[in-house]
Amino acid sequence: MNENFGFESLELWKKVRVFKIEICRIARLFPADEKFKLIDQIIRSVRSINALISEGQEDLLIPIKYICILARGSLSETINHLIDAFDDKYITEIQLRDLKIKGKEIELIINGYIIFLRKKRDEGKGNKKE
C-alpha cells in the first residue's frame with residue numbers, strides 16, 4: 001500500500017517544499033519581536049503555496065488553474081516579505097537574491113502548469129459535439 005498522497009509526487013510541490021523549509025529556517029532567525037509579525041506572515045504565506053497546490057491536486061471540485069493562481073499570489077506575498085526582511089536587515093542581499101531566483105523558478109513552473117491546464121481545457125472543448 002502506498003501511503004503517499006497524489007500531490008506528493010508533483011515536482012512543483014516538491015520544489016516548493018524545499019523552498020518553504022529554507023525560508024522557515026531563515027525566518028526563525030529573525031529577532032524575537034518579529035515572532036507575531038514578519039515571522040508569522042512569511043511562514044504563513046510560504047506554507048500556503050504548498051497547501052494550495054496540494055488542495056488543488058486532491059479536490060476535484062476546485063479548478064486547479066484557480067488554485068495555481070492563488071498559489072502564485074502566495075509566492076508573490078512571500079517574496080514581498082523577504083524584501084521586507086532585507087529592508088530590515090534580517091537577511092543579506094545575497095540571501096534575498098538567491099531566494100528570489102528560487103521563487104522565480106517556482107513561478108515559471110506554476111505559469112507553465114497553468115498554460116498546460118488551459119490548453120488541456122481548450123482541447124477538451126474542441127472535441128465536444130454540439
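What follows is a short chat about the predicted model shown above.

Student: Before we start, what kind of model is this, and how are residues numbered?
Tutor: This is a predicted model, in which local features need pLDDT of at least 70 and side-chain atom pairs count only at pLDDT 80 or more, while totals for chains, interfaces and linings use all residues. Residues are numbered from 1 along each chain as its sequence is written, and side-chain values use heavy atoms, with hydrogens and water left out.

Student: OK, how many helices and strands are there in the protein chain?
Tutor: The protein chain has 4 helices and 0 strands, where helices (H or I, at least four residues) and strands (E, at least two) are DSSP runs numbered from the N terminus. The order of elements from the N terminus is α-α-α-α, and the C-alpha atoms fill a box of roughly 60 × 35 × 20 Å along the principal axes.

Student: How much of the chain counts as buried?
Tutor: Of its 130 residues, 35% count as buried, and here buried means under 20% relative accessible area, exposed over 50%, and partly exposed in between (1.4 Å probe, protein chains only).

Student: Which residues touch the most other members of the largest nonpolar core?
Tutor: In that core of 34 residues, they are Phe 19, Phe 30, Ile 53 and Leu 82; a nonpolar core is a set of buried Ala, Val, Leu, Ile, Met, Phe, Trp, Tyr and Cys residues joined through side-chain atoms within 4.5 Å. Two or more residues of this core come from each of helix H1 (11–27), helix H2 (35–58), helix H3 (64–87) and helix H4 (93–126).

Student: And what is Phe 19 in contact with?
Tutor: Leaving aside neighbours within four places in sequence, the contacts of Phe 19 include Val 46, Leu 75, Ile 79, Leu 99 and Ile 106, with contact meaning heavy atoms within 4.5 Å. Phe 19 is one of the buried residues of H1, among them also Trp 13 and Glu 22, and Leu 75 and Ile 79 are among the buried residues of H3.

Student: Switching to Ser 54, is that one buried or exposed?
Tutor: Ser 54, which lies in helix H2, counts as buried because its relative accessibility is 15%. Not counting residues up to four places away in sequence, Ser 54 touches Phe 7 and Trp 13.

Student: How far is Ser 54 from Phe 5 in space?
Tutor: The two are 8.8 Å apart, C-alpha to C-alpha, although 49 residues apart in sequence.

Student: What span should H3 have at 1.5 Å a residue?
Tutor: The 24 residues of H3 should span 34 Å, and the end C-alpha atoms are 34 Å apart, so the two agree; the expected span is 1.5 Å times one less than the number of residues.

Student: Then what happens just after H3?
Tutor: Lys 89 takes a positive phi of about 65 degrees there, although Lys 89 is not a glycine. This residue sits in the loop between H3 and H4, and Lys 89 is exposed, with a relative accessible area of 73%.
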